[in-house]
Amino acid sequence: MDCTETQRLLHAYLDAELDMTDTLEVEQHIQKCPACLQTYNNYQALRTAIKTSSLYFQAPEKLRKSIGSSVRKANTTVFISQVTSWRGLSIAAALILAMFLSLWAFTHVWPTSVASNPLPQEVLASHVRSLMANHLVDVPSSDQHTVKPWFNGKLDFSPSVVDLARQGFPLLGGRLDYLDNQPVAAVVYAHRKHIINLFIWPSTQNMGGERDTTTLQGYHLIHWTKSGMTYWAVSDLNLNELQQFVQLVQASS
Amino acid sequence: MREHDKRLRFEQIILPHLDAAYNLARWLTRNDQDAQDMVQEACLRAFRFFSGFRGGDSRVWLLTIVRNTCYTWLQQQRREELTIPFQEELHDVGVEDLNPEVLYLRRINQQNIRNAMEELPVEYREVMILRELEELSYREISAIAQIPLGTVMSRLARARQRLQRYLTDHMNEEE
């Protein structure tokens, strides 16, 4: 192992995050390279300094008490009045206004072809709501083996959850949602700053491998079916990238 | 009665991590009152979604909610803090730049360390707090900050480089 490689792995070494092989190689290198040893010692000294500097802030007793009492009082209604400051209220008001506006848009502006089929609207509304209400995921995890089992016992089907982080679509987590008069799985992915909701539920519909693309209010929705499941991907991502995402999901599920 | 059980379970499982929650919020907001507001809000949110919590690490779960609450607030109140570009060429420290004895032999001033941490951009401060004060693993940090493992490592590396630079500079000033 050379200096460049050692410097690259030094922090993981410092944090005991390397596997056995890399650990041994870094150790061997440090023993015979004074420059790298020096860097290592400096970082070690920094860590010690941080740990002995009492940087940890303890929660004030007042906060502990007020949380205890607000949790005791908490139910879905008092929750809002207790934590929301005026600042928060104005944001809430803006959100509610936006919700009414979009509701109005749903009923008045959108083309009748869409209006006659309410499902895309429903899907989009779920997507938008998930971004508004601070409730994007119930189970925040980038690990498909955490997200998939989480749906067990909450749904009577097992949705496919795939890991697409390497392709640029990291998994953010999963959420329960309600669409088409039934509980559905919402699997949430990100691409750059964009959020993608992938809704999955069982259905008898069979589109024979075809994809149906809809654009509503600047959002793209792609719908397809596979093995008795219906899929809806929705995002503000551009259509090309959303199609790329759908291809990846189809290929790996 | 079920509501009562939920509250009891919540108090047993989540409230022990209140210090961790406050510490993270305090470092992200850099202000006591804002941190208290953030923790208050995050805890109520956690309580609301508590029925969705299916075991696992409750500290990681709570810290994720605290972190998201703080970031939402930062986006609304201090947007500029989230957009400070971290200019690497300015902060990269070469091996030869550092006087090896500086950090050893001289007493490191606690206030200097605190200042140095506060000066870090929030994304870097966050991983440092989670790693050095909460002693979380890269995997846990990656879950809380919603970044890949490799990014956890590179952010820690840059944060430490920058801290060293700051401390070295400020020690020289004292002389």
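**Where chain A meets chain B**

Tutor: Let's begin with the contact, to which chain A gives 42 residues and chain B gives 45 residues. Keep in mind that this is a predicted model. On the chain A side, four helices each supply at least two residues: α1 (3–14), α3 (34–51), α4 (61–73) and α5 (76–83). The largest share comes from α3(A), with 11 residues. Sort the chain A side by class and you get 23 nonpolar, 12 polar and seven charged residues.

α4(A) packs against helix α3 of chain B (residues 32–48) at an angle of about 30°, and their axes are 10 Å apart. An angle under 35 degrees counts as roughly parallel, so α4(A) is roughly parallel to α3(B). Their crossing is right-handed. Who is doing the touching? From α4(A) come Leu63(A), Ser66(A), Ile67(A), Ser70(A) and Val71(A), while α3(B) brings Gln36(B), Val39(B), Gln40(B), Cys43(B), Leu44(B) and Phe47(B). By class, that contact has seven nonpolar and four polar residues, with no charged ones.

Next, stay inside chain A and follow α3(A) to another neighbour. α1(A) and α3(A) pack at about 20°, with axes 11 Å apart, and therefore these two helices are roughly parallel to each other as well. α1(A) passes α3(A) in a right-handed crossing. On the α1(A) side you'll find Cys3(A), Thr6(A), Gln7(A), Leu10(A) and Leu14(A), and they meet Ala35(A), Cys36(A), Thr39(A), Tyr40(A), Tyr43(A), Gln44(A) and Arg47(A) of α3(A). This contact has seven nonpolar, four polar and one charged residues.

Let's step back for a moment. Chain A has 10 helices and seven strands, and 29% of its 253 residues count as buried. Those strands bring us to the sheet.

The sheet is open, has seven strands in the order β1-β2-β3-β4-β7-β6-β5 (chain A), and pairs in the antiparallel sense. At its edges are β1 (139–140) and β5 (212–216) of chain A, each pairing on one side only. Helix α10 of chain A (residues 239–252) packs on the sheet, where it touches β3 (182–191), β4, β6 and β7 of chain A; the direction of α10 makes about 20° with that of β6(A).

Look closely at β7(A), residues 229–235, which is mostly covered: six of its seven residues are buried. On one pairing, β4(A) (residues 194–202) runs antiparallel to β7(A) and is joined to it by seven bridges. Asn197(A), for example, has Val234(A) in β7(A) as its bridge partner. On another, β6(A) (residues 219–226) also pairs with β7(A) in the antiparallel sense over seven bridges. Here His223(A) stands opposite Trp232(A), and Trp224(A) has Tyr231(A) as its bridge partner.

Technical notes:
Residues are numbered from 1 along each chain as its sequence is written. Chains are lettered from A and ligands numbered from 1 in the order in which they are written. This is a predicted model: local features need pLDDT of at least 70, side-chain atom pairs count only at pLDDT 80 or more; totals for chains, interfaces and linings use all residues. A residue is buried if 20 or more other C-beta atoms lie within 10 Å of its own, exposed if 12 or fewer, and partly exposed in between; C-beta atoms are placed from the backbone. Two residues are in contact if their C-beta atoms, placed from the backbone, lie within 7 Å. Ala, Val, Leu, Ile, Met, Phe, Trp, Tyr, Cys and Pro count as nonpolar, Asp, Glu, Lys and Arg as charged, and the others, Gly among them, as polar. Two strands pair if DSSP finds at least two bridges between them. Axes are lines fitted to C-alpha atoms, for helices over the stretch in contact, and angles run from 0 to 180 degrees between N-to-C directions. Angles under 35 degrees count as roughly parallel, over 145 as roughly antiparallel, 65 to 115 as roughly perpendicular and the rest as oblique. A crossing is left-handed if the near helix is turned anticlockwise from the far one by less than a right angle, and right-handed if clockwise.
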